[in-house]
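Please read it alongside the sequence and the structure shown here.

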Amino acid sequence: MTTYQVTLEPLNESFECGEEETVLEAALRHGYNLVHGCREGRCTACKSFLAEGYVDLKPYSTFALSTSEEEEGFTLLCRAVPESDIVVELLDYDPEDYRLENPVIEAAGRVAAIEPLTHDITLLTLETDGDHFLFQAGQYVDLAVPGGEETRSYSMANLPGSGTLEFIVKRYPGGVFSGLLDGKLAVGDPLSFAGPYGNCVLKHQPSESGCLLIAGGSGMAPMLSLLRAIVETGAPTRPVTFFYGGRALRDLFYLEQIEELGSRLERFEFVPVLSQPGDADVWGGERGFIHEAVDRNLRRPSAPSAAEQRIYMAGPQVMIDATVELLTQVHDVDADRIAYDTFG
Ligand SMILES: Cc1cc2nc3c(=O)[nH]c(=O)nc-3n(C[C@H](O)[C@H](O)[C@H](O)COP(=O)(O)OP(=O)(O)OC[C@H]3O[C@@H](n4cnc5c(N)ncnc54)[C@H](O)[C@@H]3O)c2cc1C
Ligand code: FES
């Protein structure tokens, strides 16, 4: 097999990249925490400068890399497959934090349980083979669709160390992966996966007063994992506000578990929000879209300033876009304090 050497500047560190492997895949496998987002050439997060050598680019969006940028030498590390030894100039990296806590590996497991949580959300529990698979709360894996080449990303809802991975999966009728949960996947079936991926992990700084966890639908998974991590290992004295958005009453789940976890923190508030008019009208709690509830909450005189908090989010694109805009443009939150995964 042909391999090429990738050198990362200004870190002056090198690793081998396999045939048909992208630079980002090889970097994650070798434990380098290179900045990335979609891993599909859509978001620009991994854009870098190709200082030496040649790459072939897998399909990407010209929004992420324009033709003129490519001609100038810019590249997308998630799409770039080396065709020679290369030198990459990183445009965005943290000199204090460029090694992954857990390198990305390929692993296998078996379905341990499939349980309904709501009318369209299922808890899928996977028992991992061999040594316990290590990850940080808030991260995700790519599950391989059985019998095919495709993968789908799912965030762990539990904490590492138990030998199981818990996924909260929204079922889409006919969905390549989630559709299997309508009776086509059974307890005992093998499932392979790769990971852990993702930067939506706890990053509290001593100067920060607390955090907001904001989840829409199955975005509950990584936020629940983060809440569990804050309760078990984090900073139980800092205030935590957990927003959960659904359409109707039948979309709410894990209410008791969240209240129980919150009762172990000194200052915790759980804010479920419903958007569908019928149910929202009889609902005693918050109504509207989740970013509206976040806004109302932050405007209360007693609320800690959003600008001093760390903010974590997961859910549909439209929810993430509206909430990021609200936080950065109305509540002066520095974008660096917001970490999110978009499930689109
Ligand atoms: C970083 C990351 C983490 C994720 N974590 C989770 C998680 O914890 N739980 C979870 O349920 N999902 C999660 N997702 C989404 C997940 O990876 C799949 O995209 C989703 O489950 C649909 O896959 P599918 O194969 O079932 O459907 P597909 O076969 O891909 O699509 C089937 C149909 O469903 C529609 N559809 C697919 N996704 C969406 C969507 N998000 N909104 C509206 N319509 C959609 C498609 O338009 C299509 O018509 C995550 C995604 C990312 C990028
Ligand atoms: S990670 Fe999104 S473009 Fe590369």
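**Briefing**

Thr-44 sits in the loop that runs between helix H1 (23-29) and strand S3 (47-52); helices (H or I, at least four residues) and strands (E, at least two) are DSSP runs, numbered from the N terminus. This is a predicted model, in which local features need pLDDT of at least 70, side-chain atom pairs count only at pLDDT 80 or more, and totals for chains, interfaces and linings use all residues. Residues are numbered from 1 along each chain as its sequence is written, while chains are lettered from A and ligands numbered from 1 in the order in which they are written.

**Backbone details**

- Thr-44 has a positive phi of about 80° although it is not a glycine.
- Thr-44 is partly exposed, with 17 other C-beta atoms within 10 Å; a residue is buried if 20 or more other C-beta atoms lie within 10 Å of its own, exposed if 12 or fewer, and partly exposed in between, with C-beta atoms placed from the backbone.
- Tyr-254, also not a glycine, has a positive phi of about 60°, and is found in the loop between S15 and H4.
- Tyr-254 counts as partly exposed, with 18 C-beta neighbours inside 10 Å.
- The peptide bond from Glu-9 to Pro-10 is cis, with omega near 0°, and Pro-10 lies in the loop between strand S1 (4-9) and strand S2 (13-17).
- The peptide bond from Gly-195 to Pro-196 is cis as well, with omega near 0°; Pro-196 is found in strand S13 (residues 190-197).
- Most residues other than glycine have a negative phi, and most peptide bonds are trans.

**Overall fold**

- The chain has seven helices and 19 strands.
- The radius of gyration of the chain is 21 Å, close to the 20 Å that the globule rule gives for 344 residues, so the chain is as compact as a globular protein of that length; the radius is taken over C-alpha atoms, and the rule is 2.2 Å times the number of residues to the power 0.38.
- The domain assignment gives domain 1 (4-90), domain 2 (105-197) and domain 3 (210-342), with bounds that come from an automatic or database domain assignment.
- The C-alpha centres of domain 1 and domain 2 lie 28 Å apart.

**Ligand 1**

- The shell has 23 residues, of which Tyr-172, Gly-175, Val-176, Ser-178 and Ser-218 come nearest; a residue is near a molecule if its C-beta atom, placed from the backbone, lies within 6 Å of it.
- Strand S11 (151-155) and strand S12 (164-170) each supply at least two residues of the shell around ligand 1.
- Ligand 1 lies between domain 2 (105-197) and domain 3 (210-342), because both give residues to its shell.
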